[in-house]
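Trainee: I am new to this structure. Can you take me through the terms used for it?

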Amino acid sequence: MSGAGSPTLSIEGKVATLTLRRPDEHNRIDADDPQAVSQHLQEIVKHPDVAVLVLTGTGEKTFCAGYTLTQISSRLDQRFEDMLDQIEHLPIPTICAMNGSAYGGGTDLAMSCDFRIGVHGSRLFMPAAKFGLHYYPGGLRRFVERIGPAATKKIFLTAQSIDAEELLRIGYLTELVEREALDGKVRAYVESILLCERDAVKSMKQHIDALALGTWSEAAGRAAYEASLQSTATAERLTALNRAREA
């Protein structure tokens, strides 16, 4: 059981929800949180029925303020990076419900998810250059891979505050909604994912990520495609679709 303030995990049916719980401290990441989150992620993998993860924060101001500033010099270590990589490499789709602004490592926490749904009025701020920190490799790689070098340079090299509308324009946000519409939009994504064939979704996520990283092989992609053509699940879904059209 997580202690007070540490991120919590809830699993309801096929949906897992990971929640940051320090709203009075802008949902900062404490030095002990990566281990707790890692354990939560391992728990998700143990549940074969879980098909999607929603990551969110508590409150209405900040999704996540990143790593606790006073602990960066003394306690920031590989565990934080490993936690983000673990989220990124989950085999199931991941949705970041950004209930507010993101700062520092919180920006990469959101970036480690497949989808980021933000709210109007929120902002992003990456202060690393202001206090002389060269950002860790995995974080820079994620930003360049997903929004390109030009947008990444503006965020990291100028340390400017970026508003939600620009975040949508540059592709950091997948969707931008009014605050009261956030839960509904997240639910729509979850419901759409759950309507899809789980194995096909997992396989395509793996191959899309490999394509983005430049590690994909056409032979592997072809094998996955041909395997899906022969799968019982595909046959059953196609049969049901044809019956529905004939009805």
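This is a predicted model: local features need pLDDT of at least 70, side-chain atom pairs count only at pLDDT 80 or more; totals for chains, interfaces and linings use all residues.

Mentor: Residues are numbered from 1 along each chain as its sequence is written, and side-chain values use heavy atoms, without hydrogens and water.

Trainee: Why does H207 count as buried?

Mentor: Buried means under 20% relative accessible area, with a 1.4 Å probe and protein chains only. H207 has 16%, so H207 counts as buried.

Trainee: What is H207 in contact with, beyond its neighbours within four places in sequence?

Mentor: W216, A220, G221 and A224. Contact means heavy atoms within 4.5 Å. H207 itself is in helix α8, residues 198-213. Helices here are DSSP runs of H or I, at least four residues long, and strands are runs of E, at least two.

Trainee: What makes α1 roughly parallel to α3?

Mentor: Their axes, lines fitted to C-alpha atoms over the stretch in contact, cross at roughly 25° and come within 9 Å. Angles run from 0 to 180 degrees between N-to-C directions. Under 35 degrees counts as roughly parallel. Therefore α1 is roughly parallel to α3.

Trainee: How do you know that the buried residues of α3 are on the same side?

Mentor: They are F80, M83, L84, I87 and E88. They cover an arc of only 135° around the axis, so they lie on the same side of α3. The arc is that of directions from the helix axis to the C-beta atoms.

Trainee: What do they pack against?

Mentor: α1, β5 (94-97), α4 (105-111), α5 (137-158) and α8.

Terms used:
Buried means under 20% relative accessible area, exposed over 50%, partly exposed in between (1.4 Å probe, protein chains only). Angles under 35 degrees count as roughly parallel, over 145 as roughly antiparallel, 65 to 115 as roughly perpendicular and the rest as oblique.
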